[in-house]
Amino acid sequence: CKILRCNSEYVAATLHLRGPGRGAAFCTALRSYSLCTRRTARTCRGDLAFHSAVHGIEDLMIQNNCSKEGPTAPPRPRPPAPNPQGFESLDICDYERSFLYKHGRPPSFQHCAAFGDPHIRTFHDDFHTCRVEGSWPLLDNEYLFVQATSSPVAKGSNATVTSKLTIIFKNMKECIDQKVYQAELDNVPAAFQDGSVNGGTRPGGSSLVIWERSPGRHVEIRADYIGTTIAVRQAGRQLSFSIRAAEEVARAFTEEQDLQLCVGGCPHSQRMSRSPRGRGRVPAETARALCREMLPVEDVYFQSCVFDVVTSGDTNFTMAAHGALEDARLFLPNAEKLHIFQ
């Protein structure tokens, strides 16, 4: 079955088509794609990728008002491959490009965050406030291990904050050596533990890079080989973590790796209400006024901000919630899911 060849020819023909003027050329590429799938129908009829492509073409032709009759693009000459694996091998360290080549569509992404008390936004858009103390895994899968270490926000308080983050990017073929990133309060470095700022000496080493967004306060780690971006911030006396991960990467774990706060949220015994009871360190109305300046929409980020300021007395927690919301705005694949109301 040669459906992957049809997919790759379609991707190559449409890769540079952008904007409102792409119509005629895009329809021509779709008709050519359709013709290619018809030619492979006999050998591909039991292949899921083939059926996915056929339905996808029909949908795209309707969406773009393309007629089934009309010119088709001549097949693109295939450049000689430097090795038997060709395109797939060359682009194995560019996840999005490789996924598009294999599936004929861009990958799906998920978002998780841990900030403040800590509050956890899971990959499934559940939202929990946790009293977790000690070290807990946020992620533990085939590609990544992320551990957050929490300590009490104030003496005698049940609330905790993240004081240390450890992120392990696991060894991956020709892309990267294993790399460990570690941040602690007042030490948010713009380098891995070994002093490097990329994935090492392998051919795809540049597919893992650290960028310093704000010295000592905010770094971004781009792991293009797994289609993942991570943000680490410090606001006041707490660290926060945000991730945009390819869905395939986020799901790459076994039954034994069942404790991941980004996947299942906080264990039931560790969940807290975001309605502070008793006497706080800052009056609730004062906290609400402070949080409203940074977070005009009274969603869970706003509620979390109020809870943290009341519990800790630290007004810097307004920045923690604001930073988490800004990361979500950048990382969420669906902008309509930005605000969660509970």
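**Note on the predicted structure**

1. The model under discussion is a predicted one, and the remarks below should be read accordingly.

2. Strand β5, residues 144–152, pairs with β4 in the antiparallel sense, over 6 bridges. Together β4 and β5 form a hairpin, with 3 residues between them. Which residue of β5 is the bridge partner of S135? The partner is T149.

3. An open sheet of 4 strands runs in the order β4-β5-β6-β7, and its pairing is antiparallel. Its edge strands are β4 (134–140) and β7 (179–184), each of which pairs on one side only. From one strand to the next, the twist averages 20°. As a general point for the student, side chains in a regular strand alternate between the two faces of the sheet.

4. The other end of the sheet involves β6 and β7. Strand β6, residues 160–169, pairs with β7 in the antiparallel sense over 6 bridges. Within this region, K164 has E184 of β7 as its bridge partner.

5. Strand β7 also takes part in a contact between side chains. K179 and D194 form a salt bridge, in which the closest N and O atoms are 2.7 Å apart. Because K179 lies in strand β7 and D194 in the loop between β7 and β8 (208–214), the pair ties together parts that are 15 residues apart in sequence. Are the two partners buried or exposed? K179 has a relative accessible area of 5% and is therefore buried, whereas D194, at 52% relative accessibility, counts as exposed.

6. Salt bridges occur elsewhere as well; the count comes to 15. One of them joins the side chains of D224 and R222, at 3.4 Å from N to O. D224 is partly exposed, with a relative accessible area of 32%, and R222 counts as partly exposed at 33% relative accessibility.

7. A further salt bridge connects the side chains of E326 and R329, at 3.3 Å from N to O. Why are these two residues separated by about one helical turn? They are 3 residues apart in helix α11 (residues 317–331), which means a separation of about one helical turn. E326 has a relative accessible area of 27% and is partly exposed; R329 is also counted as partly exposed, at 47% relative accessibility.

8. Aromatic contacts form the next topic. A pair of aromatic rings is described by the distance of the centres and the angle of the planes. A search of the whole structure finds 7 aromatic pairs. Among them is the edge-to-face pair of F127 and Y301, with 5.9 Å from centre to centre and 70° between the planes. This pair links distant parts of the chain: F127 is in strand β3 (residues 127–130) and Y301 in helix α10 (residues 300–312), 174 residues apart. F127 counts as buried at 4% relative accessibility, and Y301 counts as buried at 0%.

9. F169 lies in strand β6 and F192 in the loop between β7 and β8, so the pair ties together parts that are 23 residues apart in sequence. F169 is counted as buried at 0% relative accessibility, and F192 is buried with a relative accessible area of 4%.

10. Two other features involve aromatic rings. Y10, F26 and Y33 form one aromatic cluster. R244 lies over the face of F109, at 3.6 Å from the ring centre.

11. Finally, M272 deserves a remark. This residue is placed in strand β12, residues 271–272. At 18% relative accessibility, M272 counts as buried, because the limit for that class is under 20%. How far apart in space are M272 and F169, C-alpha to C-alpha? The separation is 31 Å, and the two residues are 103 residues apart in sequence.

Notes. Residues numbered from 1 in each chain as written. Predicted model: local features only at pLDDT ≥ 70, side-chain atom pairs only at ≥ 80, totals over all residues. Heavy atoms only, no water. Pairing = 2+ DSSP bridges. Axes fitted to C-alpha atoms, helices over the stretch in contact; angles between N-to-C directions. Buried < 20%, exposed > 50% of the residue type's maximum accessible area, 1.4 Å probe, protein only. Salt bridge = Lys/Arg side-chain N within 4 Å of Asp/Glu carboxyl O. Phe/Tyr/Trp six-rings, centres within 6.5 Å; stacked < 30°, edge-to-face > 60°. Lys NZ or Arg CZ within 6 Å of the ring centre and 35° of its normal.
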